[in-house]
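Thank you all for coming.

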Amino acid sequence: MRGRTGIQEGGHSMVTTKVNFCGVHFKNPVVPASGTFGFGLEMAGSFDLNILGGISLKGTTLEPRYGNECPRIAECPGGLINSVGLQNPGIDALVKEKLPALRKIYKGAVIANISGFSIDEYVKCCVKAADAPEIDIIEVNVSCPNVHGGGMAFGTSAEAAAQVTKAVKAVCGAKPVCIKLSPNVTDIIEIAQACEEAGADGLTLINTVLGMRIDIARRKPIVAAGYGGYSGPGIFPLALRMVHQVSGACHIPVMGCGGVASERDVVEMMMAGASLVQVGAENLRNPMACKDIVEHLPGLMQELGLENLNGIRI
């Protein structure tokens, strides 16, 4: 029998989908990725959010952001390109409005995704996030352009990523800090290790891959910003390789994401070394994706002879 607890009993076998990440307990490893599930509230009428292991909330900045001009989305083989531009209501609205509303209907783990364009912005956001009792983990997105560093993303430099990590760890107290890394780098291991040395409790990888589509009739990029983040099944092998490399090189847990679309992808990502698995672009294609994965994961585990998901890294 398969139920919402993530436990399946059949004959003499029993599997459990429970996992632990940075000291936070998750009933299963399935987490909708930031930017693909809003603030959770948007999906509350579609299914019971409490079946999820956790929710990574929409990326939040210090001030409200309108985001990039439209069009923002371009379809691709094996996924899509998005250039939303961190549209969000700002950290104060998150803390005062979104989180209390979410906690009225959802009891699982909440991951706040924080972005900034300077170290000072990251710190100010993280102070407020750390003070919010509804938040369990702070996920820091270092893929934003550093306005004080010529526009280069913090996550493309080991030194800059470490600076952000150290600064936010200093203000987050006991609340776990997980750094979300960009794949648009030459050596993701170097950057991951720099974040670990600077005090990160965990890592999330990968963020989207920079991509482009052109409207050949108009002779212009399809998205107004020119480039955008490519996500979807097409990047899964790249994400899997980076998760395997980083989990083998670091001693802190990894949240794996990038092209995950099924329960088999979840298990594969965990065999690569992930402790939690985020589902991103698939939510946009199929809003029931996470629900489907949660419901089918115990059956797959039984098929594979897995009683639990701990220590299955190859």
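Predicted model: local features only at pLDDT ≥ 70, side-chain atom pairs only at ≥ 80, totals over all residues.

**Salt bridges, a helix and cysteines**

Let me begin with Arg285, which is exposed, its relative accessible area being 62%; here buried means under 20% relative accessible area, exposed over 50%, and partly exposed in between, with a 1.4 Å probe and protein chains only. Residues are numbered from 1 along each chain as its sequence is written, and side-chain values use heavy atoms, with hydrogens and water left out.

Arg285 forms a salt bridge with Glu282, with 2.6 Å between the closest N and O atoms, where a salt bridge is taken as a side-chain nitrogen of Lys or Arg within 4 Å of a carboxyl oxygen of Asp or Glu. Both residues lie in helix α7 (residues 281-285), three residues apart, which is about one turn of the helix; helices (H or I, at least four residues) and strands (E, at least two) are DSSP runs numbered from the N terminus. Glu282, at 9% relative accessibility, counts as buried.

How many salt bridges does this rule give? The count comes to eight. One of them joins the side chains of Asp136 and Arg103, at 3.0 Å from N to O. Because Asp136 sits in the loop between α2 (119-131) and β10 (137-141), and Arg103 in helix α1 (residues 91-103), this pair ties together parts that are 33 residues apart in sequence. Asp136 is partly exposed, at a relative accessible area of 25%.

A further salt bridge links Asp120 and Lys124, whose closest N and O atoms are 3.2 Å apart. These two residues both belong to helix α2, four residues apart, or about one turn of the helix. Asp120 is partly exposed at 44% relative accessibility, and Lys124 is also partly exposed, at 42%.

The buried residues in α2 include Tyr122, Val123, Cys125, Cys126, Ala129 and Ala130. What covers them? Among the covering elements are α1, β9 (109-114), β10 and α3 (158-169), with contact meaning heavy atoms within 4.5 Å.

Next, Val266, which is placed in helix α6 (residues 263-271) and is buried at 0% relative accessibility. Leaving aside residues up to four places away in sequence, Val266 touches Pro29, Val260, Val277, Ile293 and Leu297. The C-alpha atoms of Val266 and Phe26, which are 240 residues apart along the chain, are separated by 15 Å.

Finally, the cysteines: how many disulfides does a search of the whole structure find? The search finds zero, a disulfide being a pair of cysteine sulfur atoms within 2.5 Å. As for accessibility, Cys76 counts as buried at 14%, and Cys195 counts as buried at 0%.
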